[in-house]
Every structure is written in C-alpha cells, then in structure tokens.
Amino acid sequence: MKFAFIIDPITKLDPGHDSSVALMEAVQELGHQVYITQAQQMGVVAGQAMAHLTPVTLTPVTLGDNRWDAVPDWYTLGDTQWQPLDTMDAVFMRTDPPVTVPYLYATYILDYIDPTKTKVINSPQGIRAANEKMYALQFTEAIPDTIVSQDKAVIRDMVERCGGKAVLKPLGGKGGEGILFLRNDDPNFNSMIEISTKQGQEPVMVQTYLPAAKDGDKRIILLNGEPLGAVNRIPTGKEFRGNMAVGGRSAKVDITERELEICKQLAPTLQRDGLVFVGIDIIGGYLTEVNVTSPTGIREIDRLNTVKLGHQVIKWLTK
C-alpha cells in the first residue's frame with residue numbers, strides 16, 4: 001500500500017520526537033511505501049487533488065539511554081512526481097498548526113480526493129470543524145469552567161469567579177505557545193489581555209486554573225475514538241506549562257476510569273467528524289484540548305511502555 005504524509009519540511013522534523021516520523025517508520029516496517037509532500041505543493045487539476053509526491057526511505061530510530069537515537073542521515077529521498085493524491089491508499093494531513101488561511105486552503109484541496117479510493121486522516125472537513133481549543137467546549141461534562149471571549153471585563157469576571165487564578169490560551173498555536181497564567185491582582189492583567197486579544201479583536205480561551213497541572217498534563221492518543229496509550233507531561237523548573245515543546249518532562253502514566261469515560265464521551269463525535277487520529281489533553285480529570293492537526297506523543301508513549309503505537313495505527317488502516 002501507498003501512504004502519503006503532508007508534513008512540514010522533513011529537514012525540520014525531529015526523528016526522535018516527531019509522531020509523523022514514527023508513523024512513517026511504521027508504514028515502512030510493515031512493508032508499505034512512504035511518500036511525503038507539503039501543503040504548498042498541492043493543487044487541483046481537472047477535478048483531482050494533485051501533489052508533488054516524493055518517495056522516502058527511512059533509517060528507523062533505535063532506543064538508547066532512555067531516548068530515541070537517530071543516525072545523522074536518517075532519510076533518503078527519491079524522485080518527486082506530480083500525481084493525483086488518490087493514487088495513494090491513505091493520506092495523513094500532519095502539518096503543524098496554527099490553522100492559517102493557507103492551511104484551510106490545503107484542506108479544501110484534500111476535499112477533491114476520491115474517498116472511495118483513499119482514506120484521509122484526519123478528515124479535512126473534521127479539521128475545519130475542530131479548532132483544537134473550541135472543539136472541547138461541546139463536552140460540557142468533561143471540561144473545567146471555561147469561557148471564550150475578547151472582552152476584558154468578561155475575562156476579569158471569569159478569573160475572579162475562579163478564585164483569582166486562570167489560564168489564558170490563544171485559539172491557535174501549538175506546544176503551549178502564548179499560554180498565560182492569569183491572576184486578578186496582577187498589575188499587568190489588562191496589558192496581558194490586550195496583547196493576547198490583539199486589542200479586543202480576537203477571542204481567547206480562559207479556563208479555571210487546575211492545581212493538578214503541577215502534577216502533569218496527560219496526553220492520550222485516540223484511534224477512531226479508542227485510547228491507545230498515554231504520557232504525562234510534567235512542568236519543570238519555573239515553567240507552569242507541561243508541554244514537551246517548552247521543556248515538560250515526559251513520564252509513564254496509566255489511563256484512569258474517569259479518563260476512559262471522557263474518551264467514551266468523545267468517541268461518537270470524533271467518529272462522526274472523521275477525526276481518526278487524535279490527541280486529547282487531560283488535567284486532573286478534566287478535558288482541556290482536543291488535538292486533531294498533528295497530535296504528538298507516540299515516541300514518548302512507545303519509549304516508556306515498550307509498545308509501537310504507530311504500528312497499531314497503520315495495521316488498523318490497512319484493514
């Protein structure tokens with residue numbers, strides 16, 4: 001079978017951390033073919049989604065001293081060809097957020113892939129419907145006290161209702177970028193809101209601060225609504241964010257009954273929206289985000305639990 005991955009430039013990927021590389025390795029190790037392209041290398045011709053597709057051969061990482069080790073030249077590229085994307089059996093949309101206008105245009109191009117020939121993961125319609133912060137709001141029994149607003153007074157009222165502590169999140173971005181810890185007595189409070197909302201022009205998410213955040217922000221990987229594994233991301237140093245992109249420490253963790261219940265709440269909606277490969281974030285038993293663009297965590301879960309999540313994903317797809 002042929003698998004295409006729409007990724008950021010492969011030269012910028014970290015093979016020891018990136019879930020896209022883990023998935024590509026799984027494709028290769030299971031005997032299938034790997035192709036890569038980028039969002040700006042796609043188009044539509046005669047009603048068909050097209051792309052400059054490049055075959056790639058990978059040298060898989062190996063497990064070293066509690067880390068994944070990669071050789072310097074860990075991939076080899078073949079000859080690029082301009083061809084229909086529905087010559088592939090599956091296409092993974094794995095470009096990192098933010099979901100900008102060009103990103104949206106790429107999802108419109110993916111709409112022209114023949115679904116009877118090719119599976120797109122995740123569904124382009126689903127990606128458009130699922131802002132990674134806003135999507136969680138519909139699961140009211142799973143989320144903490146949360147608002148979305150650009151109004152300074154509304155945000156201040158929310159922080160005061162939450163006991164004077166809250167977390168502000170931009171609706172775009174990744175890896176904890178732009179997340180702020182708010183206190184109602186902070187003399188910089190108004191300025192922080194003004195900067196984050198671009199002077200009241202863009203809404204932000206504000207959630208009550210969960211003290212359990214100091215013990216970790218759990219990432220759970222879901223495949224077609226079913227949990228495959230989890231990793232706990234624990235803040236280090238003076239950082240209150242647990243994201244691995246800002247230095248969070250990854251640790252082995254189990255999935256609790258409460259978290260399994262949250263997964264069950266999400267599953268029918270994820271399946272309806274074609275969101276096959278998803279990473280959800282849970283703090284202290286509360287759902288905080290639903291990551292659908294390029295969820296990460298495979299490498300850390302594999303290393304800590306001696307499993308191969310990428311293989312599970314590809315085997316499920318090949319059925």
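Is Lys-218 buried or exposed? Keep that in mind while we walk through this predicted model, where local features need pLDDT of at least 70, side-chain atom pairs count only at pLDDT 80 or more, and totals for chains, interfaces and linings use all residues. Residues are numbered from 1 along each chain as its sequence is written, and side-chain values use heavy atoms, with hydrogens and water left out.

1. **Lys-218 itself.** Lys-218 is buried, because its relative accessible area is 7% and buried means under 20% (exposed is over 50%, partly exposed is in between, with a 1.4 Å probe and protein chains only). You'll find Lys-218 in strand β15, residues 217–223. Helices (H or I, at least four residues) and strands (E, at least two) are DSSP runs, numbered from the N terminus.

2. **What Lys-218 meets.** The Lys-218 side chain reaches the backbone oxygen of Asp-254 at 2.6 Å. Leaving aside neighbours within four places in sequence, Lys-218 is in contact (heavy atoms within 4.5 Å) with residues including Ala-230, Arg-233, Asp-254, Glu-259 and Asp-281.

3. **The five-stranded sheet.** Now look at the sheet around β15. Its order is β17-β16-β15-β18-β19, an open sheet with antiparallel pairing; two strands pair if DSSP finds at least two bridges between them. β17 (249–251) and β19 (286–291) are the edge strands with a single partner each, so one side of each has no neighbour in the sheet. From one strand to the next, the twist averages 30°. As background, strands of a sheet pair through backbone hydrogen bonds, either parallel or antiparallel.

4. **Zooming in on β15 and β16.** Seven bridges pair β15 with β16 (residues 226–234) in the antiparallel sense. Across from Asp-217 you'll see Arg-233 in β16. Helix α7 (residues 298–305) packs on this sheet, touching β15, β16, β17 and β18 (277–283), and its direction makes about 90° with that of β16. Helix α8 (residues 309–318) packs there too, touching β15, β16 and β18, with its direction at about 25° to that of β15. For these angles, axes are lines fitted to C-alpha atoms, for helices over the stretch in contact, and angles run from 0 to 180 degrees between N-to-C directions.

5. **The four-stranded sheet.** There is also an open sheet in the order β11-β14-β12-β13, with antiparallel pairing across its four strands. The twist averages 30° from one strand to the next. β12 and β14 are joined by five bridges, and in β14 the bridge partner of Pro-170 is Val-204. Val-204 also stands opposite Ser-149. Helix α4 packs on the sheet, touching β11, β12, β13 and β14, at about 165° to the direction of β11.

6. **One face of α5.** Which residues of helix α5 (residues 189–196) are buried? They are Phe-189, Met-192, Ile-193 and Ser-196. Seen down the α5 axis they fall within an arc of 95°, so they line one face of the helix; the arc is that of the directions from the helix axis to the C-beta atoms. These buried residues pack against α4 (152–161), β12 (165–170), β13 (180–183) and β14 (204–208). Just after α5, Lys-198 takes a positive phi of about 50°.

7. **The cores.** A nonpolar core is a set of buried Ala, Val, Leu, Ile, Met, Phe, Trp, Tyr and Cys residues joined through side-chain atoms within 4.5 Å. The largest has 31 residues, and Phe-3, Phe-5, Met-24, Phe-92, Val-313 and Ile-314 touch the most other members. Elements giving two or more residues to this core include α1 (19–29), β15, α7 and α8, and α1 gives the most, with six residues. Another core, of 20 residues, lies apart from it, with Ala-130, Ala-230, Leu-266 and Val-278 among its members.

8. **A loop glycine.** Gly-274 is in the loop between α6 (257–272) and β18, and is partly exposed, with a relative accessible area of 22%. Gly-274 and Gly-126 are 148 residues apart along the chain, yet their C-alpha atoms are separated by 5.8 Å.

Definitions and conventions: A polar contact is a pair of N or O atoms within 3.5 Å; within protein, one must be able to donate a hydrogen and the other to accept it, and residues adjacent in sequence count only if both atoms are side-chain atoms.
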